[in-house]
Amino acid sequence: MQGNPELAPETYQELSLDYSILLNNNYLSMASFYSRSENRMEYLARVSNETHTRYSMQNLGRIDQAGIKFLGSLKPLKNVSFNPFMKVYAAFSRGNQLAREHGIEDQKKMVLESGFSLSALFRKDFVLSTMFKYNSARVSIQGNSFDDMLYFISLEKTFKDKYIIGLSSAVPFRKTFTFQGSETSMRAYSEYSEGNIQMSLIPIWIKFKYTFSSGRKNKRIERSDDFTENTRSKGLF
């Protein structure tokens, strides 16, 4: 792998139209957007001989995105909070002259980015919460990147407003989790890679949290709220 001291700056522009609404304790936001990233800096993969692949950082073109996004903060029940997020857009990659010389083709792909968090408060200070995230493959100039669906489940109990004890689990019943993957392609060359974590059948984390405060409590300075305007009266006094 090698760098490139002659890289041009990468620029990013976005235009969006947003609409937000607040209903009681519920907040919703919807938007349409268009973005453009020019002079994209990415590694260009080239086969130097039969046994080596050389990666060099280059300006390879631009990527345009157009779509809609939605997010919110909702309370469907008094002790339940739900925070969803979703982004759907079309992504277009346009390689520059250097990319075309290496046989890199333009791409057009629909992309989904989504997730939510959900928490519920029960009696005796028990809290059940979950977090979910799923993204489809993201477009780059020479390929795309991806990762697996991720979700956490957690149960916590608070004692005396100071102690929190909880159990958390992530993607249970999955033996392997892909946290980063990529596909790269060009003329007469393709590459596929995955970064995986080997999982136990039901991974469990134990969490303990203690909150405290210490030190001297200083007395607050009290100031008078009375204000008398000092205006000059008519005449000599």
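Tyr210 is partly exposed, because its relative accessible area is 39%, which lies between the limits for buried (under 20%) and exposed (over 50%), with a 1.4 Å probe and protein chains only. Tyr210 lies in strand β15. The model is predicted: local features need pLDDT of at least 70, side-chain atom pairs count only at pLDDT 80 or more, and totals for chains, interfaces and linings use all residues. Residues are numbered from 1 along each chain as its sequence is written, and side-chain values use heavy atoms, without hydrogens and water.

Tyr210 belongs to a nonpolar surface patch with Phe159, Tyr163, Ile165, Phe208 and Phe212. Together these residues have about 620 Å² of accessible area, computed by the Shrake-Rupley method with a 1.4 Å probe. Strands β12 (163–170) and β15 (205–210) each supply at least two of the patch residues. Strands are DSSP runs of E, at least two residues long, numbered from the N terminus.

Four other strands form an open sheet in the order β9-β10-β13-β14, with antiparallel pairing. Pairing requires at least two DSSP bridges. The edge strands, β9 (138–139) and β14 (189–198), each pair on one side only. A hairpin of three residues joins β9 to β10. Two bridges link these antiparallel strands, and Arg138 stands opposite Ser145 in β10. Four bridges join β10 (143–146) to the antiparallel β13 (176–186). Here Phe146 stands opposite Gly181.

Methods:
Patches are made of residues with over 30% relative accessible area and no salt bridge: like charges are joined within 9 Å, nonpolar side chains (Val, Leu, Ile, Met, Phe, Trp, Tyr) within 5 Å. A salt bridge is a side-chain nitrogen of Lys or Arg within 4 Å of a carboxyl oxygen of Asp or Glu.
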